[in-house]
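Hi! Here is the structure I promised to pass on. Have a look at it first, then read my notes below.

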Amino acid sequence: YAMTRVRYALGRPASSLLSDWMRHLWSAERAPATAEQIIAFLLPWGLCAVAWGLNRNTRTSRARVLAVAVVTALAALAGWLDRSLLPVAATALIVVVSGAAIAVDWRRWKQSMWVATGCYTALAGVVLADSRGDIAFQISARADVVERDPSRFPWISFENINRELVRFVSTGTLVRESILAPEDVSGLLLAFTGRTIVQLPGTTSREPAHRHTDLIRAFYGDEGSFYELCRREKVDYVVYSIDVLLDDGPYSLQYLAGTNAIDPSSVAVRMHFEPETLTHFTLLYENDHYRLFKVTDTMQPVFLTDHPLFFQRELFARDGRDLLHFRNHVMWLMLTYANATRARLSGNGEEARKLLDTCLRQAPRFTRARLAMADTYMDAGMYEKARDEINTVIHYAPDNPSALYSAAYVQVQLGQPDAAAPYLKLLTQTGNRELIEKAKSLQYYIDHKLPLKPGAPD
(Lines give C-alpha, C1' and ligand atoms only; values in the text may rest on other atoms or scores of the structure.)
Protein backbone atom coordinates (compact mmCIF):
# COMPACT_ATOMS: atom_id res chain seq x y z
CA TYR A 1 0.00 0.00 0.00
CA ALA A 2 2.79 2.43 0.92
CA MET A 3 4.62 1.73 -2.35
CA THR A 4 1.40 2.27 -4.31
CA ARG A 5 0.79 5.61 -2.62
CA VAL A 6 4.34 6.72 -3.36
CA ARG A 7 4.05 5.54 -6.95
CA TYR A 8 0.83 7.52 -7.49
CA ALA A 9 1.64 10.42 -5.16
CA LEU A 10 0.27 13.01 -7.58
CA GLY A 11 -3.22 11.53 -7.78
CA ARG A 12 -5.32 8.41 -7.98
CA PRO A 13 -4.87 6.44 -11.21
CA ALA A 14 -7.61 4.84 -13.28
CA SER A 15 -9.48 2.20 -11.30
CA SER A 16 -8.29 -0.51 -13.70
CA LEU A 17 -4.68 0.07 -12.58
CA LEU A 18 -5.42 -0.91 -8.97
CA SER A 19 -6.57 -4.21 -7.53
CA ASP A 20 -9.83 -4.53 -5.61
CA TRP A 21 -7.91 -4.71 -2.35
CA MET A 22 -5.88 -1.59 -3.13
CA ARG A 23 -8.97 0.40 -4.14
CA HIS A 24 -10.58 -0.61 -0.85
CA LEU A 25 -7.52 0.43 1.16
CA TRP A 26 -7.09 3.72 -0.69
CA SER A 27 -10.45 5.06 0.48
CA ALA A 28 -11.71 8.58 1.14
CA GLU A 29 -10.58 8.17 4.76
CA ARG A 30 -7.02 7.79 3.43
CA ALA A 31 -7.18 10.56 0.85
CA PRO A 32 -4.65 13.43 0.91
CA ALA A 33 -5.29 15.89 3.72
CA THR A 34 -7.28 18.99 2.91
CA ALA A 35 -5.80 22.49 3.01
CA GLU A 36 -7.72 23.15 6.23
CA GLN A 37 -6.21 20.06 7.89
CA ILE A 38 -2.71 20.99 6.75
CA ILE A 39 -3.08 24.49 8.20
CA ALA A 40 -4.34 23.06 11.50
CA PHE A 41 -1.30 20.78 11.64
CA LEU A 42 1.46 23.13 10.49
CA LEU A 43 0.41 26.33 12.29
CA PRO A 44 1.24 25.19 15.86
CA TRP A 45 4.47 23.63 14.61
CA GLY A 46 5.45 26.86 12.86
CA LEU A 47 4.78 28.99 15.95
CA CYS A 48 6.93 26.72 18.11
CA ALA A 49 9.62 26.69 15.43
CA VAL A 50 9.90 30.46 15.86
CA ALA A 51 10.61 29.91 19.57
CA TRP A 52 13.32 27.44 18.63
CA GLY A 53 14.86 29.96 16.28
CA LEU A 54 14.91 32.67 18.96
CA ASN A 55 16.59 30.42 21.50
CA ARG A 56 20.36 30.23 21.17
CA ASN A 57 20.52 27.14 23.39
CA THR A 58 18.52 25.06 20.91
CA ARG A 59 20.62 26.19 17.97
CA THR A 60 23.83 24.94 19.61
CA SER A 61 22.67 21.35 19.20
CA ARG A 62 22.48 21.11 15.43
CA ALA A 63 21.91 17.37 15.46
CA ARG A 64 18.82 17.76 17.62
CA VAL A 65 17.42 20.57 15.47
CA LEU A 66 18.08 18.60 12.29
CA ALA A 67 16.53 15.43 13.69
CA VAL A 68 13.38 17.23 14.78
CA ALA A 69 13.12 19.02 11.43
CA VAL A 70 13.51 15.79 9.44
CA VAL A 71 11.03 13.83 11.57
CA THR A 72 8.50 16.62 11.45
CA ALA A 73 8.90 17.08 7.67
CA LEU A 74 8.44 13.35 7.05
CA ALA A 75 5.43 13.24 9.36
CA ALA A 76 3.89 16.26 7.64
CA LEU A 77 4.47 14.69 4.22
CA ALA A 78 2.90 11.41 5.34
CA GLY A 79 -0.07 13.24 6.82
CA TRP A 80 -0.53 15.23 3.64
CA LEU A 81 -0.49 12.12 1.43
CA ASP A 82 -2.75 10.09 3.73
CA ARG A 83 -5.04 11.91 6.19
CA SER A 84 -5.42 8.76 8.30
CA LEU A 85 -1.78 9.29 9.33
CA LEU A 86 -2.44 12.74 10.79
CA PRO A 87 -2.71 11.36 14.36
CA VAL A 88 0.74 9.79 13.88
CA ALA A 89 2.07 13.02 12.40
CA ALA A 90 0.74 14.89 15.42
CA THR A 91 3.21 12.94 17.55
CA ALA A 92 6.00 14.90 15.87
CA LEU A 93 4.16 18.08 16.80
CA ILE A 94 4.10 16.99 20.45
CA VAL A 95 7.86 16.41 20.31
CA VAL A 96 8.45 19.91 18.92
CA VAL A 97 6.15 21.57 21.44
CA SER A 98 7.68 19.69 24.36
CA GLY A 99 11.21 20.33 23.23
CA ALA A 100 10.54 24.01 22.69
CA ALA A 101 8.90 24.36 26.10
CA ILE A 102 11.81 22.65 27.87
CA ALA A 103 14.55 24.57 26.09
CA VAL A 104 12.95 27.99 26.32
CA ASP A 105 14.15 30.45 28.88
CA TRP A 106 10.81 31.53 30.37
CA ARG A 107 12.30 34.81 31.47
CA ARG A 108 12.47 35.74 27.80
CA TRP A 109 8.87 36.67 27.09
CA LYS A 110 9.16 36.57 23.31
CA GLN A 111 10.12 32.90 23.28
CA SER A 112 7.48 32.04 25.85
CA MET A 113 4.83 33.89 23.87
CA TRP A 114 5.48 31.85 20.72
CA VAL A 115 5.39 28.54 22.57
CA ALA A 116 2.23 29.48 24.47
CA THR A 117 0.54 30.60 21.25
CA GLY A 118 1.50 27.35 19.53
CA CYS A 119 0.13 25.30 22.41
CA TYR A 120 -3.08 27.32 22.46
CA THR A 121 -3.54 26.92 18.69
CA ALA A 122 -3.20 23.15 18.92
CA LEU A 123 -5.54 22.94 21.91
CA ALA A 124 -8.13 25.32 20.43
CA GLY A 125 -8.33 23.18 17.30
CA VAL A 126 -9.80 20.43 19.49
CA VAL A 127 -11.62 22.21 22.32
CA LEU A 128 -12.86 25.25 20.36
CA ALA A 129 -13.07 23.65 16.91
CA ASP A 130 -14.67 25.81 14.18
CA SER A 131 -15.28 28.74 16.53
CA ARG A 132 -13.85 32.23 16.80
CA GLY A 133 -11.25 30.97 19.23
CA ASP A 134 -9.93 28.42 16.72
CA ILE A 135 -7.08 30.33 15.04
CA ALA A 136 -6.35 27.66 12.43
CA PHE A 137 -10.02 27.58 11.44
CA GLN A 138 -10.17 31.36 11.14
CA ILE A 139 -7.13 31.36 8.85
CA SER A 140 -8.70 28.61 6.74
CA ALA A 141 -11.93 30.59 6.53
CA ARG A 142 -10.06 33.72 5.41
CA ALA A 143 -8.26 31.64 2.80
CA ASP A 144 -11.63 30.21 1.68
CA VAL A 145 -10.51 26.59 1.97
CA VAL A 146 -12.99 25.45 4.62
CA GLU A 147 -14.91 22.29 3.65
CA ARG A 148 -13.24 22.04 0.25
CA ASP A 149 -12.63 18.32 0.25
CA PRO A 150 -12.24 16.80 -3.24
CA SER A 151 -12.55 13.29 -1.82
CA ARG A 152 -16.10 13.90 -0.55
CA PHE A 153 -19.31 13.94 -2.55
CA PRO A 154 -20.99 17.35 -2.12
CA TRP A 155 -24.70 17.29 -1.30
CA ILE A 156 -27.19 19.29 0.73
CA SER A 157 -29.81 18.16 3.20
CA PHE A 158 -32.22 19.98 5.50
CA GLU A 159 -32.64 17.11 7.95
CA ASN A 160 -30.46 14.92 10.15
CA ILE A 161 -30.30 12.02 7.72
CA ASN A 162 -28.33 9.65 9.96
CA ARG A 163 -30.52 10.22 13.00
CA GLU A 164 -33.74 9.68 11.06
CA LEU A 165 -32.39 6.52 9.40
CA VAL A 166 -31.27 5.11 12.75
CA ARG A 167 -34.65 5.97 14.26
CA PHE A 168 -36.55 4.13 11.52
CA VAL A 169 -34.28 1.08 11.62
CA SER A 170 -34.64 0.91 15.41
CA THR A 171 -38.43 0.89 15.24
CA GLY A 172 -39.09 -0.79 11.89
CA THR A 173 -36.74 -3.79 11.89
CA LEU A 174 -35.89 -6.71 14.17
CA VAL A 175 -32.61 -7.05 16.05
CA ARG A 176 -31.88 -10.44 14.48
CA GLU A 177 -32.15 -9.04 10.94
CA SER A 178 -29.02 -8.03 9.04
CA ILE A 179 -28.40 -4.89 7.00
CA LEU A 180 -26.13 -4.15 4.05
CA ALA A 181 -25.13 -0.47 4.20
CA PRO A 182 -22.22 1.83 3.31
CA GLU A 183 -19.26 1.48 5.66
CA ASP A 184 -19.84 4.68 7.64
CA VAL A 185 -23.55 3.99 8.06
CA SER A 186 -22.87 0.36 9.02
CA GLY A 187 -20.94 1.56 12.05
CA LEU A 188 -23.80 3.85 13.10
CA LEU A 189 -26.41 1.13 12.74
CA LEU A 190 -24.33 -1.35 14.70
CA ALA A 191 -23.66 1.16 17.51
CA PHE A 192 -27.11 2.72 17.87
CA THR A 193 -29.55 0.00 16.77
CA GLY A 194 -27.74 -3.24 17.62
CA ARG A 195 -28.59 -4.65 14.20
CA THR A 196 -26.29 -7.12 12.46
CA ILE A 197 -24.24 -5.47 9.74
CA VAL A 198 -23.06 -7.38 6.68
CA GLN A 199 -19.63 -5.80 6.29
CA LEU A 200 -16.97 -4.82 8.78
CA PRO A 201 -16.25 -1.06 8.65
CA GLY A 202 -12.63 0.02 8.43
CA THR A 203 -11.16 -3.41 7.81
CA THR A 204 -7.87 -3.62 5.91
CA SER A 205 -7.63 -7.41 5.55
CA ARG A 206 -7.64 -8.81 2.07
CA GLU A 207 -10.65 -11.15 2.29
CA PRO A 208 -13.12 -8.66 3.86
CA ALA A 209 -11.87 -6.03 1.40
CA HIS A 210 -12.68 -8.26 -1.58
CA ARG A 211 -16.09 -9.05 -0.06
CA HIS A 212 -16.81 -5.34 0.39
CA THR A 213 -15.86 -4.62 -3.22
CA ASP A 214 -18.00 -7.48 -4.52
CA LEU A 215 -21.02 -6.23 -2.57
CA ILE A 216 -20.61 -2.70 -3.92
CA ARG A 217 -20.04 -3.94 -7.48
CA ALA A 218 -23.33 -5.84 -7.30
CA PHE A 219 -25.24 -2.53 -7.17
CA TYR A 220 -24.16 -1.90 -10.76
CA GLY A 221 -25.31 -5.31 -12.01
CA ASP A 222 -28.74 -6.82 -12.64
CA GLU A 223 -31.35 -7.36 -9.96
CA GLY A 224 -31.31 -11.15 -10.14
CA SER A 225 -27.59 -11.40 -9.39
CA PHE A 226 -27.85 -8.86 -6.58
CA TYR A 227 -30.79 -10.73 -5.06
CA GLU A 228 -28.89 -14.04 -5.14
CA LEU A 229 -25.90 -12.35 -3.50
CA CYS A 230 -28.10 -10.90 -0.75
CA ARG A 231 -29.64 -14.30 -0.03
CA ARG A 232 -26.23 -15.96 -0.03
CA GLU A 233 -24.89 -13.32 2.39
CA LYS A 234 -28.10 -13.50 4.48
CA VAL A 235 -28.99 -9.83 3.89
CA ASP A 236 -32.46 -8.79 5.08
CA TYR A 237 -32.26 -5.04 4.31
CA VAL A 238 -30.24 -2.87 1.95
CA VAL A 239 -29.42 0.78 2.63
CA TYR A 240 -29.02 2.59 -0.68
CA SER A 241 -27.13 5.90 -0.77
CA ILE A 242 -27.32 8.58 -3.48
CA ASP A 243 -23.52 8.31 -3.64
CA VAL A 244 -23.90 4.97 -5.45
CA LEU A 245 -25.19 6.69 -8.57
CA LEU A 246 -24.48 10.40 -8.29
CA ASP A 247 -20.89 10.38 -7.01
CA ASP A 248 -18.45 9.99 -9.89
CA GLY A 249 -15.34 11.30 -8.12
CA PRO A 250 -11.99 9.59 -7.56
CA TYR A 251 -13.14 8.17 -4.20
CA SER A 252 -16.63 7.14 -5.26
CA LEU A 253 -18.29 3.76 -4.94
CA GLN A 254 -18.21 3.54 -8.73
CA TYR A 255 -14.42 3.80 -8.60
CA LEU A 256 -14.28 1.18 -5.84
CA ALA A 257 -16.35 -1.20 -7.95
CA GLY A 258 -14.22 -0.53 -11.04
CA THR A 259 -17.32 0.53 -12.98
CA ASN A 260 -16.69 2.73 -16.01
CA ALA A 261 -20.25 2.93 -17.37
CA ILE A 262 -23.61 2.56 -15.63
CA ASP A 263 -26.23 0.31 -17.18
CA PRO A 264 -29.68 2.03 -17.17
CA SER A 265 -31.21 -1.30 -16.11
CA SER A 266 -28.83 -1.82 -13.18
CA VAL A 267 -29.99 -2.15 -9.59
CA ALA A 268 -28.46 1.24 -8.73
CA VAL A 269 -30.50 3.11 -11.36
CA ARG A 270 -33.71 1.28 -10.45
CA MET A 271 -33.23 1.77 -6.71
CA HIS A 272 -32.62 5.45 -7.32
CA PHE A 273 -35.32 6.33 -9.84
CA GLU A 274 -37.61 3.29 -10.27
CA PRO A 275 -37.98 1.48 -6.92
CA GLU A 276 -41.52 0.36 -7.77
CA THR A 277 -40.19 -1.78 -10.66
CA LEU A 278 -37.98 -3.94 -8.43
CA THR A 279 -39.15 -7.47 -7.74
CA HIS A 280 -36.97 -8.43 -4.79
CA PHE A 281 -36.34 -5.09 -3.07
CA THR A 282 -39.20 -3.17 -1.46
CA LEU A 283 -38.75 0.49 -0.55
CA LEU A 284 -39.69 1.11 3.09
CA TYR A 285 -38.04 4.41 4.00
CA GLU A 286 -36.19 7.34 2.43
CA ASN A 287 -34.67 10.69 3.33
CA ASP A 288 -32.55 13.19 1.41
CA HIS A 289 -29.61 10.77 1.21
CA TYR A 290 -30.64 7.21 1.97
CA ARG A 291 -33.25 4.64 1.03
CA LEU A 292 -33.98 1.46 2.97
CA PHE A 293 -35.09 -1.61 1.00
CA LYS A 294 -36.35 -4.92 2.36
CA VAL A 295 -35.15 -8.03 0.52
CA THR A 296 -38.24 -10.00 -0.55
CA ASP A 297 -38.92 -13.12 -2.62
CA THR A 298 -41.78 -11.51 -4.55
CA MET A 299 -42.76 -7.99 -5.58
CA GLN A 300 -44.42 -5.96 -2.82
CA PRO A 301 -46.34 -2.68 -3.13
CA VAL A 302 -44.51 0.59 -2.43
CA PHE A 303 -46.54 2.98 -0.28
CA LEU A 304 -44.18 5.97 -0.25
CA THR A 305 -45.58 8.78 -2.37
CA ASP A 306 -43.41 11.82 -1.69
CA HIS A 307 -39.81 11.48 -2.84
CA PRO A 308 -36.97 13.94 -2.04
CA LEU A 309 -35.46 15.89 -4.94
CA PHE A 310 -32.43 13.62 -5.25
CA PHE A 311 -34.73 10.70 -6.13
CA GLN A 312 -37.29 12.39 -8.41
CA ARG A 313 -37.53 10.60 -11.75
CA GLU A 314 -39.50 13.41 -13.38
CA LEU A 315 -36.75 15.93 -12.68
CA PHE A 316 -34.15 13.46 -13.99
CA ALA A 317 -36.15 13.14 -17.23
CA ARG A 318 -36.34 16.93 -17.54
CA ASP A 319 -32.55 17.04 -17.29
CA GLY A 320 -32.21 14.72 -20.26
CA ARG A 321 -31.33 11.73 -18.03
CA ASP A 322 -27.89 13.26 -17.57
CA LEU A 323 -26.67 12.37 -14.07
CA LEU A 324 -24.20 15.25 -13.78
CA HIS A 325 -26.76 17.81 -14.95
CA PHE A 326 -29.37 16.31 -12.65
CA ARG A 327 -27.06 16.41 -9.63
CA ASN A 328 -26.05 20.03 -10.24
CA HIS A 329 -29.67 21.02 -10.86
CA VAL A 330 -30.82 19.50 -7.56
CA MET A 331 -27.99 21.22 -5.70
CA TRP A 332 -28.98 24.56 -7.24
CA LEU A 333 -32.63 24.04 -6.27
CA MET A 334 -31.66 23.20 -2.70
CA LEU A 335 -29.49 26.32 -2.45
CA THR A 336 -32.30 28.44 -3.91
CA TYR A 337 -34.66 27.03 -1.30
CA ALA A 338 -32.13 27.83 1.44
CA ASN A 339 -31.89 31.42 0.20
CA ALA A 340 -35.69 31.67 0.22
CA THR A 341 -35.77 30.43 3.81
CA ARG A 342 -33.26 33.08 4.84
CA ALA A 343 -35.26 35.76 3.04
CA ARG A 344 -38.43 34.74 4.88
CA LEU A 345 -36.70 34.71 8.26
CA SER A 346 -35.38 38.20 7.58
CA GLY A 347 -38.93 39.41 6.89
CA ASN A 348 -38.62 39.67 3.09
CA GLY A 349 -41.64 37.59 2.16
CA GLU A 350 -41.80 38.89 -1.42
CA GLU A 351 -38.24 37.78 -2.16
CA ALA A 352 -38.91 34.43 -0.51
CA ARG A 353 -41.99 33.84 -2.69
CA LYS A 354 -40.03 34.79 -5.79
CA LEU A 355 -37.28 32.25 -5.03
CA LEU A 356 -39.74 29.55 -4.04
CA ASP A 357 -41.72 30.11 -7.23
CA THR A 358 -38.51 29.50 -9.18
CA CYS A 359 -38.06 26.21 -7.35
CA LEU A 360 -41.64 25.07 -7.92
CA ARG A 361 -41.67 25.94 -11.62
CA GLN A 362 -38.69 23.66 -12.13
CA ALA A 363 -39.63 20.99 -9.57
CA PRO A 364 -43.41 20.97 -8.94
CA ARG A 365 -43.05 18.17 -6.37
CA PHE A 366 -40.44 19.98 -4.27
CA THR A 367 -42.56 19.53 -1.14
CA ARG A 368 -40.44 21.61 1.22
CA ALA A 369 -40.54 24.53 -1.16
CA ARG A 370 -44.30 24.27 -1.64
CA LEU A 371 -45.00 24.13 2.10
CA ALA A 372 -42.59 27.04 2.59
CA MET A 373 -44.58 28.96 -0.03
CA ALA A 374 -47.72 28.24 1.98
CA ASP A 375 -46.01 29.61 5.08
CA THR A 376 -45.10 32.84 3.28
CA TYR A 377 -48.72 33.25 2.23
CA MET A 378 -49.86 32.70 5.82
CA ASP A 379 -47.31 35.26 6.99
CA ALA A 380 -48.99 37.74 4.66
CA GLY A 381 -52.51 36.74 5.78
CA MET A 382 -53.34 35.10 2.43
CA TYR A 383 -54.71 31.90 3.92
CA GLU A 384 -56.72 30.82 0.87
CA LYS A 385 -53.60 30.80 -1.29
CA ALA A 386 -51.74 28.95 1.44
CA ARG A 387 -54.49 26.32 1.53
CA ASP A 388 -54.20 25.85 -2.25
CA GLU A 389 -50.47 25.16 -1.97
CA ILE A 390 -50.99 22.71 0.89
CA ASN A 391 -53.78 20.90 -0.97
CA THR A 392 -51.44 20.47 -3.92
CA VAL A 393 -49.04 18.56 -1.68
CA ILE A 394 -51.81 16.45 -0.15
CA HIS A 395 -53.03 15.59 -3.64
CA TYR A 396 -49.77 13.82 -4.58
CA ALA A 397 -48.58 12.95 -1.04
CA PRO A 398 -51.65 12.35 1.18
CA ASP A 399 -49.50 10.85 3.94
CA ASN A 400 -47.05 13.75 4.31
CA PRO A 401 -47.11 14.68 8.04
CA SER A 402 -45.99 18.30 7.53
CA ALA A 403 -48.67 18.88 4.89
CA LEU A 404 -51.36 17.37 7.11
CA TYR A 405 -50.42 19.58 10.03
CA SER A 406 -50.26 22.70 7.83
CA ALA A 407 -53.67 21.81 6.34
CA ALA A 408 -55.21 21.59 9.81
CA TYR A 409 -53.50 24.80 10.91
CA VAL A 410 -54.66 26.85 7.94
CA GLN A 411 -58.24 25.66 8.40
CA VAL A 412 -58.19 27.00 11.97
CA GLN A 413 -56.77 30.29 10.70
CA LEU A 414 -59.63 30.45 8.17
CA GLY A 415 -62.15 30.10 11.01
CA GLN A 416 -63.09 26.52 10.08
CA PRO A 417 -61.79 24.42 13.03
CA ASP A 418 -64.16 21.53 12.27
CA ALA A 419 -62.47 21.09 8.88
CA ALA A 420 -59.13 20.56 10.65
CA ALA A 421 -60.27 17.39 12.42
CA PRO A 422 -59.76 14.93 9.51
CA TYR A 423 -56.19 16.15 8.94
CA LEU A 424 -55.32 15.85 12.63
CA LYS A 425 -56.76 12.33 12.73
CA LEU A 426 -54.66 11.27 9.73
CA LEU A 427 -51.59 12.90 11.26
CA THR A 428 -51.79 10.67 14.34
CA GLN A 429 -51.41 7.64 12.04
CA THR A 430 -48.13 8.81 10.47
CA GLY A 431 -45.96 8.08 13.51
CA ASN A 432 -44.26 11.49 13.40
CA ARG A 433 -43.91 12.14 17.13
CA GLU A 434 -42.88 15.78 16.87
CA LEU A 435 -45.83 16.79 14.69
CA ILE A 436 -48.25 14.62 16.66
CA GLU A 437 -47.34 16.60 19.79
CA LYS A 438 -47.88 19.85 17.89
CA ALA A 439 -51.21 18.50 16.67
CA LYS A 440 -52.26 17.88 20.27
CA SER A 441 -51.47 21.50 21.10
CA LEU A 442 -53.49 22.66 18.09
CA GLN A 443 -56.41 20.46 19.17
CA TYR A 444 -56.23 22.10 22.62
CA TYR A 445 -56.62 25.52 20.99
CA ILE A 446 -59.58 24.23 18.98
CA ASP A 447 -61.31 22.62 21.96
CA HIS A 448 -60.95 25.75 24.09
CA LYS A 449 -61.71 28.10 21.20
CA LEU A 450 -58.47 29.97 21.67
CA PRO A 451 -57.25 32.26 18.90
CA LEU A 452 -54.02 31.44 17.07
CA LYS A 453 -51.51 34.15 16.47
CA PRO A 454 -51.60 35.45 12.88
CA GLY A 455 -49.30 33.88 10.33
CA ALA A 456 -47.73 30.49 9.73
CA PRO A 457 -47.09 27.86 12.43
CA ASP A 458 -43.77 28.00 14.25
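**What I found**

Arg321 counts as partly exposed, because its relative accessibility is 46%. For that label, partly exposed sits in between buried (under 20% relative accessible area) and exposed (over 50%), using a 1.4 Å probe and protein chains only.

Before going on, a few ground rules. This is a predicted model, where local features need pLDDT of at least 70, side-chain atom pairs count only at pLDDT 80 or more, and totals for chains, interfaces and linings use all residues. Residues are numbered from 1 along each chain as its sequence is written, and side-chain values use heavy atoms, with hydrogens and water left out.

Back to Arg321: you'll find it in the loop between helix H16 (313-318) and helix H17 (323-345). Helices here are DSSP runs (H or I, at least four residues), numbered from the N terminus. Arg321 isn't a glycine, yet its phi is positive, about 55°. Why mention that? Most residues other than glycine have a negative phi.

Asp144 is another non-glycine residue with a positive phi, near 60°. Its place is the loop between helix H8 (135-142) and helix H9 (161-172). With a relative accessible area of 45%, Asp144 is partly exposed.

And is Leu435 buried or exposed? It's buried, because its relative accessibility is 11%. Leu435 is part of helix H23 (residues 433-447). Leaving out residues up to four places away in sequence, Leu435 touches Pro401, Ser402, Tyr405 and Leu427, where contact means heavy atoms within 4.5 Å. Arg368 is 67 residues from Leu435 along the chain, and their C-alpha atoms are separated by 15 Å.

Conventions:
Helices (H or I, at least four residues) and strands (E, at least two) are DSSP runs, numbered from the N terminus.
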